[in-house]
Amino acid sequence: MENRRKVIDELDLGVERITATLSRLSAAELRAPSALPGWTRGHVAAHIARNADSLWNLLEWARTGVEIPQYPSVAVRNADIEEGAGRSAEALIEDVRTSQARFSAHARGLPEDAWDAEVRAMQGWAHPAWYLLCRRWNEVEAHHADLAAGYGPADWPESYVRWALGSTLTDLAAQPPERWGALAGFRLTATDSGESARLGWSEGGPEAAGSGRALLGWLSGRSDGAGVHLRQDGALPVPPDWPHPPAGF
């Protein structure tokens with residue numbers, strides 16, 4: 001991935017873009033549905049803030065060696081998001097901004113040897129602490145698009161697309177075949193970079209190709225597949241849930 005400090009800077013810039021989007025929304029628009037089923041835009045904003053806090057917990061685990069769960073429980077996570085969702089735009093903006101600042105400050109001050117310490121995601125899989133920056137990058141850019149307020153895959157920074165596409169293709173290909181869902185048997189190819197993933201594909205099998213940005217938008221569930229083309233007749237399949245557990249950890 002990119003240099004750690006550069007990624008932290010990207011995260012800060014991404015959150016500033018989120019707060020700019022939130023500042024343009026009326027109270028009614030904040031209460032309107034987001035792109036995530038059952039969540040308003042306020043829920044998405046509250047989740048972005050609570051995610052920063054949860055990943056701060058894992059940075060602290062890496063720093064101290066004392067296990068701290070990402071969230072106390074799924075129930076507490078959900079309750080905190082629900083509680084925060086109905087706040088004013090000013091309160092949500094401040095929460096999103098200050099929670100990111102707290103996460104970034106901790107990341108910038110983390111001792112070098114702590115970055116390789118193993119921590120564990122809420123879903124149970126383990127990874128080194130440096131991967132927290134990758135996880136946060138996905139959260140910031142994908143959930144900005146989930147606000148459904150004029151920001152989408154076409155607006156993602158090129159640095160994010162470059163990293164996230166490669167990670168997505170690698171991690172997807174490393175999943176057990178039963179997790180490929182409707183993509184089983186496909187080859188996925190980025191026409192601009194040449195990166196590809198074979199999901200049990202054999203010569204003559206189905207292929208989906210498009211620019212890296214188009215592929216990432218589709219595979220992440222943040223687009224309907226615009227710009228992605230099948231090399232045979234038929235509709236694009238629905239990709240499996242994203243992001244995928246990382247390969248190699």
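In this predicted model, the axes of helix α3 (residues 41-64) and helix α6 (residues 131-146) come within 10 Å and cross at roughly 180°. Because of that crossing angle, α3 is roughly antiparallel to α6. Helix α6 also contributes to the lining of the largest cavity and gives the largest share of the lining of the largest pocket.

**Contact of α3 with α6**

- On the α3 side, the contact is made by Val 44, His 47, Ile 48, Asn 51, Ala 52, Leu 55, Leu 58 and Leu 59.
- On the α6 side, Leu 132, Arg 135, Arg 136, Glu 139, His 143 and Asp 146 take part.
- By class, the residues of this contact comprise seven nonpolar, three polar and four charged.

**Largest cavity**

- The structure holds one cavity of 30 Å³ or more, and the space in the largest cavity amounts to about 50 Å³.
- Its lining consists of Tyr 131, Asn 138, Trp 163, Ala 164, Ser 167, Thr 168, Asp 171, Trp 242, Pro 243 and His 244.
- Two or more lining residues come from each of the elements α6 and α7 (158-173).
- Helix α7 gives the most to this lining, with five residues.
- The cavity lining is made up of five nonpolar, four polar and one charged residues.

**Largest pocket**

- The largest pocket contains about 1,000 Å³ of space.
- A total of 41 residues line the largest pocket, and those nearest its centre are Glu 139, Arg 222, Asp 241, Trp 242 and Pro 243.
- Glu 139 is also one of the α6 residues in the contact with α3, while Trp 242 and Pro 243 are among the residues that line the largest cavity.
- At least two residues of the pocket lining are supplied by each of α3, α6 and α8 (212-219).
- Helix α6 provides the largest share, eight residues.
- The pocket lining divides into 21 nonpolar, twelve polar and eight charged residues.

**Sheet and packed helices**

- Strands of a sheet pair through backbone hydrogen bonds, either parallel or antiparallel.
- Here, four strands form an open sheet with mixed pairing, in the order β4-β3-β5-β6.
- Strands β4 (196-198) and β6 (229-230) are the edge strands, each pairing on one side only.
- Strand β3 (residues 187-190) pairs with strand β5 (residues 207-210) in the parallel sense over four bridges.
- Thr 189 has Ala 209 of β5 as its bridge partner.
- Helix α7 packs on the sheet and touches β3 and β4, its direction making about 10° with that of β4.
- Helix α8 also packs on the sheet, touching β3 and β5, and its direction makes about 135° with that of β3.

**Backbone geometry**

- Most residues other than glycine have a negative phi, and most peptide bonds are trans.
- Trp 242 and Pro 243 are joined by a cis peptide bond, with omega about 0°.
- Pro 243 is placed in the segment after β6.
- Both residues of this cis bond, Trp 242 and Pro 243, belong to the group nearest the centre of the largest pocket.
- Ala 148 is not a glycine, yet Ala 148 has a positive phi of about 50°.
- The loop between α6 and α7 is where Ala 148 is found.

Key: Residues numbered from 1 in each chain as written. Predicted model: local features only at pLDDT ≥ 70, side-chain atom pairs only at ≥ 80, totals over all residues. Heavy atoms only, no water. Axes fitted to C-alpha atoms, helices over the stretch in contact; angles between N-to-C directions. Parallel < 35°, antiparallel > 145°, perpendicular 65-115°, else oblique. Contact = heavy atoms within 4.5 Å. Nonpolar A, V, L, I, M, F, W, Y, C, P; charged D, E, K, R; others polar. 1 Å grid on protein atoms, 1.4 Å probe; cavity = no way out; pocket = protein on both sides within 12 Å on 5 of 7 lines; lining within 4 Å. Points joined across faces, edges and corners; volume = space filled by probe spheres on them. Pairing = 2+ DSSP bridges.
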